[in-house]
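User: I would like to learn how to read a few features of a protein model. Please take them one at a time.

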Amino acid sequence: MIRRPPRSTHCISSAASDVYKRQALLLTLMFAVFSESAEKKGEALFIENCAECHQRNGKGIVNVYPSLAGNELVVGSGADVALVLIIGRGEMPSFNEVMTSTDMAKVINYVRNSFGNKGELISEEVIESLKQ
């Protein structure tokens with residue numbers, strides 16, 4: 001004979017399941033809004049600090065400033081991109097004194113996932129560790 005839990009227990013379990021589903025949906029929506037906000041901030045930082053040389057479309061200026069679209073360095077390691085921002089490279093100045101680690105992470109994540117690029121996200125903690 002199969003025993004079922006009392007009806008009241010089943011209803012509580014079902015209600016708890018609904019609460020968990022709602023919480024998961026809320027967290028998903030909050031993350032999406034946060035991600036969109038971080039992406040917009042990254043884009044704004046890019047336009048403010050990088051677009052003059054690398055252009056708004058990320059294609060740079062031929063034989064002057066490199067394209068970021070499909071660039072091996074950009075799609076490679078996020079730490080390598082961070083080091084370029086921290087130290088500078090060629091004609092590119094260091095942004096270590098003018099940009100926080102949080103802002104560096106946002107602009108790096110924007111560039112690594114824009115212009116047709118697909119790259120893993122980098123955290124401000126990783127950038128902080130590279131500054132040491």
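User: Is F46 buried or exposed?

Analyst: First, the ground rules. This is a predicted model, in which local features need pLDDT of at least 70 and side-chain atom pairs count only at pLDDT 80 or more, while totals for chains, interfaces and linings use all residues. Residues are numbered from 1 along each chain as its sequence is written, and side-chain values use heavy atoms, with hydrogens and water left out. Burial is read from relative accessible area: buried is under 20%, exposed is over 50%, and partly exposed is in between (1.4 Å probe, protein chains only). F46 has a relative accessible area of 0%, so F46 is buried.

User: How many aromatic pairs does the structure hold?

Analyst: Rings of Phe, Tyr and Trp (its six-membered ring) pair if their centres lie within 6.5 Å; planes under 30 degrees apart are stacked, over 60 edge-to-face, and the rest tilted. The structure holds three such pairs. One of them is F46 with F115, a tilted pair with 5.4 Å centre to centre and 50° between the planes. This pair links distant parts of the chain, 69 residues apart: F46 is in helix α1 (residues 7–49), and F115 is in the loop between α5 and α6 (124–131). Helices here are DSSP runs (H or I, at least four residues), numbered from the N terminus.

User: Why is the pair of Y110 and F115 edge-to-face?

Analyst: The planes of the two rings are at 85°, so the pair is edge-to-face; the centres are 5.8 Å apart. Y110 is buried at 10% relative accessible area, whereas F115 is partly exposed at 21%. F46, Y110 and F115 form one aromatic cluster.

User: How many residues of α5 are buried?

Analyst: Ten of its twelve residues are buried, so α5 is mostly covered. Among them are M104, V107, Y110 and R112. The length can be checked too: the expected span of a helix is 1.5 Å times one less than its number of residues. For α5 that gives 16 Å, which agrees with the 16 Å between its end C-alpha atoms.

User: Which residues does N109 touch?

Analyst: Contact means heavy atoms within 4.5 Å. N109 lies in helix α5 (residues 101–112) and is buried at 16%. Not counting residues up to four places away in sequence, N109 touches E120, L121 and I122. A polar atom of the N109 side chain lies 2.7 Å from the backbone nitrogen of I122.

Key. Helix = DSSP H or I, 4+ residues; strand = E, 2+ residues; numbered from the N terminus. Polar contact = N/O pair within 3.5 Å; in protein donor to acceptor, adjacent residues only side chain to side chain.
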